[in-house]
Amino acid sequence: MKTTRFQFNEYEVLAVPVLRDNFVYLVCHAGDAVLIDAGEAQPVFEALEENDLRLQRILVTHTHHDHIDGCRDIMDRLGVQAMSPGVEGHEFSILGTVCRSISTPGHMAVHKVYHFPALGVLFAGDTLINGACGHLRGGTAEQFFTSLLKIRALPDDTCIFGGHDYLVASMEFALGVEPGNADMQARLELYRSDPAAAIFATLGEEKKTNPFLRVDTVEEFTALRKQKDSF
Ligand SMILES: [Fe+2]
């Protein structure tokens, strides 16, 4: 997959593929940019150069190597800071707009997602990977379920940008859980003609096709997560 561009008012989001199946994201406005996660540095340097962007900051969702291994090179070369602000919901201004970091433990004991309310965009890291959710690697199932409820409470037209392209495996799993679900089938088929359109869905679309947003109790969530771990 190549870098994909999305327009949100006068802001642009670039979804930059890195490593084997990760995404990092550049939020761009008036020649400035903020980077969400940094699994690899070189594709970020290239995207900044091609689009004539000045990087202001790196926001980190969590500290797995495939989300931070490029940080040091980017910080050293460009003189920017990487940050992972306040553990509980914390608002700050960046690129002339508000960003809200939301604490979403579960995938790890510490994980944050970044919500830009004026843009209607959520960078969800490995909490809500498009079509699925991350593994339990440090947090508890209760924490993870609560974190997903926080995301579910956002507006349905919020565009979700997760940490990986796992869409095919995620939809195959989803269809195993709900055979014959037409929305899941359509999302899987869309991937074959337009991967980016299938991956980067709104929260409303995720609620129709992501099994982890379709359970209502922590018990159901725990069972589903176990089922996917052995899928
Ligand atoms: Fe991760």
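How closely do the axes of helix α5 and helix α6 come, and at what angle do they cross? The axes of α5 (residues 167-177) and α6 (residues 182-193) come within 9 Å and cross at roughly 155 degrees. Residues are numbered from 1 along each chain as its sequence is written. The model is predicted: local features need pLDDT of at least 70, side-chain atom pairs count only at pLDDT 80 or more, and totals for chains, interfaces and linings use all residues.

Helices (H or I, at least four residues) and strands (E, at least two) are DSSP runs, numbered from the N terminus. Axes are lines fitted to C-alpha atoms, for helices over the stretch in contact, with angles from 0 to 180 degrees between N-to-C directions.

The helices α5 and α6 are therefore roughly antiparallel to each other, a label for angles over 145 degrees. In α5, Leu167, Val168, Met171, Ala174 and Leu175 meet Met184, Gln185, Arg187, Leu188 and Tyr191 of α6; contact requires C-beta atoms, placed from the backbone, to lie within 7 Å.

Turning to the sheets, strands β1 to β6 form an open sheet in the order β1-β2-β3-β4-β5-β6, with mixed pairing. Two strands pair if DSSP finds at least two bridges between them. At the edges stand β1 (4-8) and β6 (81-83), each with a single partner strand, so one side of each has no neighbour in the sheet. From one strand to the next, the twist averages 25 degrees. Within this sheet, β2 (residues 11-18) and β3 (residues 22-29) run antiparallel and are joined by 7 bridges; Leu14 has Leu26 as its bridge partner in β3. Helix α1 (residues 42-50) lies across β2, β3, β4 (32-36) and β5 (54-59), at about 145 degrees to β2.

Another open sheet has 5 strands in the order β7-β8-β9-β10-β11, again with mixed pairing. Its edges are β7 (90-94) and β11 (159-162); each has a single partner strand, so one side of each is left without a neighbour in the sheet. Strand β10 (residues 121-125) pairs with β11 in the parallel sense over 4 bridges, and Val121 stands opposite Cys159 in β11.

Helix α4 (residues 141-152) includes Ala141. Leaving aside residues up to four places away in sequence, Ala141 touches Leu136, Val218, Phe221, Thr222 and Arg225. The C-alpha atoms of Ala141 and Leu203, 62 residues apart along the chain, are separated by 21 Å.

Conventions
Two residues are in contact if their C-beta atoms, placed from the backbone, lie within 7 Å. Angles under 35 degrees count as roughly parallel, over 145 as roughly antiparallel, 65 to 115 as roughly perpendicular and the rest as oblique.
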